[in-house]
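Colleague: I am new to this one. Please walk me through how to read its features.

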Amino acid sequence: MHSLDLVSEFARGEQRAAFLFADGRSLSYAELDDLAQHFATRLGDEGKQLVAISAEPSEHAVVAYLGALRAGHAVAMLPPCDKRVWDDFLAVFQPDFTYRRADGRWRLVKEARPARDIEPLHPDLALLLMTSGSSGAAKAVRLSYANLEANARAITTYLELSSADRAALMLPLHYSYGLSVLNSHLIAGGSILFPGVSAMDGDFLQIIADGGCTNLSGVPYSYELLERMRFRDAKLKGLRMMTVAGGQLSPDVIRLYRDHLRAVGGRFFVMYGQTEATARIAFVPPESLSDREERIGVAIPGGSLGIVDDKGEPVSRSGIPGELVYRGPNVMMGYAEQRCDLVRGAEVEILNTGDIAVQDEQGFFRVVGRKSRFAKIAGLRIGFDIMEQALERAGIAAAVLGDDRGLQAYVTGPGSAGRAQRILAEVSRLPANLVRVSTRGDFPRLASGKIDYSCLQREMLLGRAEIRERGGVPGAYARVFYPLPVGRADSFVSLGGDSLRFLQLALELERLGLELPDGWERLSVGDLTNLHSAKRSFMPDQANETPVDIVLRAFAILLVVVHHETLWPIPGGSGIMMLLVGYSLARFQSVHLFAGRIRYALKPAVGVLIPYFLIVAAYSLAWQAIPWASMTLTGNFGYAEPERHEMIPYLYWFIEAYAQTLLVFALAFAVPVLRKLAQARPFAFSIGLLAFAAAARFAVPLFVDLGSRQIFAIYWVFHLAVFGWCAGLADTPARKLLVTAFATAVLGYLAFWESVWLGTTVKYLTIFAALSALLYLPRVRLPAGVGQAVMQVAVAAFPIYLVHRFVPELLMASVAGWLPAPGFQLLAIAGGVALGVIAGKALAAIRHLRGRLAMERLPELLSA
């Protein structure tokens with residue numbers, strides 16, 4: 001069989017790094033060679049096979065890719081999170097093997113197909129990359145081993161890559177540009193850094209600096225993100241080269257990066273390509289970049305560019321527009337729409353790009369338009385005329401237009417907008433959020449009677465401006481996470497969200513009519529925007545399912561307020577809140593802790609500690625003394641007294657315990673050995689941490705005597721936070737049962753054997769019930785009105801905790817003597833909750849006002 005080894009023959013077998021990772025791991029060329037060979041062996045020797053690989057940015061996917069090519073098989077690199085693409089590919093191309101994650105592990109699966117259905121693959125076929133035609137219908141580009149090698153070597157030549165180069169992989173591997181970065185650096189004997197985070201991540205610049213990155217490649221949107229991160233101010237010492245392709249970067253940004261790199265002795269490459277040419281077609285030599293660069297440059301080594309007229313005849317004169325065509329050894333074999341197409345050989349010699357271009361007198365090419373009425377939207381070429389025809393077949397009169405930001409249709413039939421959007425989304429295969437349909441009384445016409453598309457173009461842009469004002473899903477994120485910049489690829493977790501922001505954002509998204517799925521906090525802004533089309537209709541009495549942690553948060557804070565006012569034997573509220581601290585850490589910060597991004601994991605503490613320290617400052621002013629124990633967050637250690645103005649009242653112990661809990665988690669994951677263990681066996685590590693916390697709960701009081709104040713100490717409550725953490729990671733029935741058994745032993749002992757009064761028993765039984773709910777009851781069905789009230793209290797839980805005692809001790813102090821005790825207590829409880837809700841809404845209003853101002857500075861995000 002024909003085959004290809006993309007790894008440099010000079011580097012093969014060497015101990016120097018081929019891949020580096022953000023957590024400090026590395027994979028040498030020798031190790032890569034062994035792993036690729038092992039994977040190739042796993043594919044067997046039954047002839048040439050088609051292997052579909054989930055193109056995640058990980059060593060698993062790359063090893064499989066390299067191993068399959070080395071063994072002479074054909075590979076399809078598919079987007080890891082697009083179930084529709086996978087389902088379509090499996091049905092149409094019937095791969096022999098699939099390699100992707102299942103149940104948290106990478107699994108190689110031999111797909112079962114009847115022998116009579118097996119089609120022999122062409123011996124030259126190496127790679128399938130999904131693309132689309134002008135109709136938007138998905139199909140695959142067939143690339144040969146020769147295509148891959150020729151393009152990789154051409155890129156290596158004009159970029160002058162060597163073994164000293166190290167690229168940070170910012171682009172997906174199912175995208176031809178991202179794959180070309182990998183191929184070219186491996187064939188040059190260089191190395192690849194896998195940052196593990198997006199360019200919007202606060203640690204991105206530090207990761208690529210620490211990783212010794214010399215090369216960065218991105219699409220125009222990547223450079224928008226880098227500008228928001230003030231990339232050019234970072235002054236990365238090792239950076240020597242940056243490249244851009246995948247769309248036209250504005251001349252101003254080109255000039256900025258050209259000058260930035262020239263100042264440090266580096267080079268900036270503007271490039272042009274298509275998947276059909278295995279990625280690269282043209283480039284502008286860095287020394288030729290002008291101040292208003294709009295050219296795509298000259299052909300890559302081994303290729304040639306030309307221009308043809310409408311009849312296909314070459315255009316030799318400069319300045320005359322025509323279709324851009326390309327010849328070279330990297331031109332694809334052809335397209336494939338089904339398995340039987342994979343038996344065909346090379347069918348394309350000249351690539352018609354579909355772009356209208358001119359050549360200047362220096363021999364440089366510049367794209368000036370598109371050959372037909374279509375646009376490339378989200379990587380798909382969408383033909384507007386074909387979209388209109390699809391609607392016409394459904395009996396809908398429409399005018400369709402758009403650009404790279406989305407598809408816009410105008411219809412005249414009453415009640416047809418919804419049906420038109422569904423048809424367009426299905427035919428174009430675009431996400432629904434990129435398809436807009438508007439209803440008009442009639443279409444604007446030119447004097448000739450044809451539709452006036454320029455008028456509709458202006459109307460489309462005006463409609464986008466209106467959307468920008470409303471903000472939608474991106475607007476909700478921008479308001480809640482202000483002042484952090486928010487991109488479409490960001491998720492709640494990647495932005496460092498915490499439990500408070502989780503509740504605030506959930507309210508914002510529900511106001512938009514979104515039915516939030518389980519795990520939505522890990523979905524990107526773009527994915528949630530896609531869900532916006534599936535709005536739900538609310539009825540006043542409609543029951544809705546509320547996440548159990550939200551219900552528990554509201555229940556816990558009400559228990560705290562009632563207990564503080566009445567001293568009835570119903571404690572347990574603060575214990576449930578400690579459970580939720582750990583549960584929220586597992587849901588929202590575990591990805592950062594496991595990756596060693598400690599600073600990101602500690603970010604939620606800022607929103608808690610700032611109001612706390614404002615209260616400490618208020619007490620300092622009132623007392624004319626600084627309560628140092630509270631200032632240092634150690635008041636719960638039992639050495640200070642509020643009466644001596646050494647600390648603020650005891651009820652704030654929870655804030656100190658919360659901060660100390662975060663610190664313990666941060667210290668545990670800051671130790672490389674422990675973090676490596678946690679990465680390898682996260683749940684087993686968590687159970688070990690729980691055992692440590694439980695041991696501390698029983699052992700420390702034997703050596704440290706804090707008297708009755710030990711109930712506020714970190715060692716007394718830390719095990720509750722770890723129980724919550726384990727509940728957040730218990731994703732299988734067996735793991736849930738293990739946590740339940742552990743809780744039965746520990747909390748049962750505390751409730752019945754260590755208990756000294758009824759309140760202790762009630763407390764630990766209440767905590768056990770809350771833990772069981774977290775494990776086994778993900779959602780609680782509540783009437784709509786009750787659910788909304790629970791959500792409001794849960795969102796305001798922290799402000800309620802901070803201010804609820806101000807009501808009886810300050811605001812109601814003057815009426816304490818003449819109100820009957822039950823009435824006073826009832827008013828104090830209701831007033832404390834109400835004051836907290838009002839304070840929470842005031843803080844949210846300030847944040848949202850600042851967020852709306854921030855949104856005005858993100859038009860490119862909100863117009864999506």
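**Backbone, rings and charges**

Modeller: Start with Gln-94, which is found in the loop between helix H3 (83–93) and strand S5 (97–102). Helices (H or I, at least four residues) and strands (E, at least two) are DSSP runs, numbered from the N terminus. This is a predicted model: local features need pLDDT of at least 70, side-chain atom pairs count only at pLDDT 80 or more, and totals for chains, interfaces and linings use all residues. Residues are numbered from 1 along each chain as its sequence is written, and side-chain values use heavy atoms, with hydrogens and water left out.

Colleague: What is the phi of Gln-94 near?

Modeller: First the general idea: most residues other than glycine have a negative phi. Gln-94 has a positive phi, near 45°. Lys-235 also has a positive value, near 55°. Lys-235 sits in the loop between helix H7 (220–228) and strand S12 (241–244).

Colleague: Is Lys-235 buried or exposed?

Modeller: Buried means under 20% relative accessible area, exposed over 50%, and partly exposed in between (1.4 Å probe, protein chains only). Lys-235 is at 65%, so it counts as exposed. Gln-94 is at 24%, so it counts as partly exposed.

Colleague: How many aromatic pairs does a search of the whole structure find?

Modeller: Rings of Phe, Tyr and Trp (its six-membered ring) pair if their centres lie within 6.5 Å; planes under 30 degrees apart count as stacked, over 60 as edge-to-face and the rest as tilted. The search finds 29 such pairs. Take Phe-654 and Tyr-801: the centres are 5.6 Å apart and the planes are at 55°, so this pair is tilted. Phe-654 lies in helix H20 (residues 653–670) and Tyr-801 in helix H27 (residues 797–803), so the pair ties together parts 147 residues apart in sequence. Phe-654 is buried at 7% relative accessible area. Tyr-801 is buried too, at 1%.

Colleague: Which residue forms an aromatic pair with Phe-669?

Modeller: Trp-725 does, in a tilted pair: 5.8 Å centre to centre, 50° between the planes. Phe-669 is in helix H20 and Trp-725 in helix H23 (residues 714–729), 56 residues apart. Phe-669 is buried at 0%. Trp-725 is buried, also at 0%.

Colleague: Where does Arg-100 lie?

Modeller: A charge sits over a ring if NZ of Lys or CZ of Arg is within 6 Å of the ring centre and within 35 degrees of the ring normal. Arg-100 lies over the face of Trp-86, 4.3 Å from the ring centre. The charged end of Arg-295 sits over the ring of Phe-364, at 4.4 Å from its centre.
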